[in-house]
Amino acid sequence: MEYIAKDYSKGKPRWCPGCGDHFFLASLHKAMAEIGVAPHDVAVISGIGCSSRLPHYMATYGMNTIHGRAAAIATGVKVANPTLAVWQISGDGDGLAIGGNHFIHANRRNIDINMILLNNRIYGLTKGQYSPTSPRGFVSKSSPYGTVEDPFRPAELCFGARGHFFARAVATDAPATIEVLKAAYGHKGASVCEILQNCVIFNNGTHDSVYTKEGRAKNAIYLEHGKKMVFGENGQFGIAQEGFGLKIVSADDPSVLVHDAHCQDNTLQLKLALMGNDDGFPVALGVIRDVDVPTYNDAVEAQIEEVKQKKHYHNFAELLETNDIWEVK
């Protein structure tokens with residue numbers, strides 16, 4: 001069958017007008033339609049938070065779980081039913097604070113789930129406390145004089161946990177978001193997609209530099225595997241290597257790098273993922289890392305089959321008959 005976005009849609013979203021969740025939800029519906037997996041073969045799992053309401057608006061299987069446990073539940077769903085396409089939806093608070101340990105181990109184990117991190121750098125549902133991705137000095141209800149700690153950078157955390165897929169998109173950039181989601185689904189293993197989104201109530205403008213098409217033309221670079229790393233309003237700049245770091249050069253400079261998302265060594269990929277933190281470099285968007293390695297769920301399934309072959313019984317009835325049997329009349 002061919003599907004359309006409406007086939008994956010259900011209910012009327014209850015988010016603030018202008019919230020980045022609206023934009024992402026529309027892109028997710030469209031991406032799923034283009035992927036073409038039947039709604040009854042999809043499970044969408046979330047934790048707690050504004051973004052975690054998303055399963056309520058999906059005409060698929062879904063579960064709105066408890067705070068920080070989305071990755072744990074998603075792992076169980078995938079291992080128990082490997083044929084399901086499993087999508088995990090978390091905010092930066094739900095996914096990286098109370099859920100941080102699960103995020104790390106889901107990447108380390110390489111569970112075949114698609115982890116979406118909707119990053120607005122704030123706790124929205126609980127009314128504006130700073131989150132693990134809020135910048136140092138950020139003033140919020142829980143840090144009235146500014147935070148005195150440095151934030152997590154999701155890419156750094158993913159790579160440090162031996163993650164093999166990391167991509168980034170902006171919620172208002174529907175075409176690029178759809179492509180990133182399709183690439184995440186196509187990756188066999190744990191995939192992390194950081195979606196930069198705005199909270200109009202408690203952290204309005206946090207991603208202003210790239211939230212508009214004009215902003216992305218000036219301040220972002222779209223990375224594509226096998227293509228040169230060029231950016232700028234007229235494609236006039238490029239990224240080149242300088243020692244152990246990076247530098248900006250003219251787009252026609254022969255030293256402009258070609259993006260290799262499939263390279264096992266993640267050194268350069270991580271440098272690209274961390275660009276744009278007030279360092280004069282553009283924010284990297286698109287698929288930054290995409291490397292295939294064996295998955296946890298495939299390994300578990302293979303192990304079960306291997307053990308089965310060595311056993312004299314394969315079900316409960318056969319188990320009962322493996323030892324002496326007494327019949328009581």
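The sulfur of C19 lies 6.4 Å from the closest cysteine sulfur, which belongs to C50, and this is too far for a bond. The structure is a predicted model, in which local features need pLDDT of at least 70 and side-chain atom pairs count only at pLDDT 80 or more, while totals for chains, interfaces and linings use all residues. Residues are numbered from 1 along each chain as its sequence is written, and side-chain values use heavy atoms, with hydrogens and water left out.

**Cysteines**

- A disulfide is a covalent bond between the sulfur atoms of two cysteines.
- A search of the whole structure finds 0 disulfides, where a disulfide is counted as a pair of cysteine sulfur atoms within 2.5 Å.
- C19 is buried, with a relative accessible area of 10%; here buried means under 20% relative accessible area, exposed means over 50%, and partly exposed is in between, using a 1.4 Å probe and protein chains only.
- For C263, the closest cysteine sulfur is that of C158 at 15 Å, which is too far for a bond, and C263 counts as partly exposed at 28% relative accessibility.

**Strand 11 and its partners**

- Strand 5 (residues 165-170) runs antiparallel to strand 11 and is joined to it by 4 bridges, with F166 having R289 as its bridge partner in strand 11; two strands pair if DSSP finds at least two bridges between them.
- Strand 7 (residues 220-223) pairs with strand 11 in the parallel sense over 4 bridges, and the bridge partner of Y222 in strand 11 is L285.

**Aromatic rings**

- The structure holds 4 aromatic pairs, counted when the ring centres of Phe, Tyr or Trp (its six-membered ring) lie within 6.5 Å, with planes under 30 degrees apart called stacked, over 60 edge-to-face and the rest tilted.
- One of these pairs joins F231 and F237, whose ring centres are 5.5 Å apart and whose planes meet at 35°, so the pair is tilted.
- F231 counts as buried at 7% relative accessibility, whereas F237 counts as partly exposed at 35%.

**Helix 10**

- Helix 10 spans residues 316-320 and contains L319, a residue that is partly exposed with a relative accessible area of 33%.

Key. Helix = DSSP H or I, 4+ residues; strand = E, 2+ residues; numbered from the N terminus.
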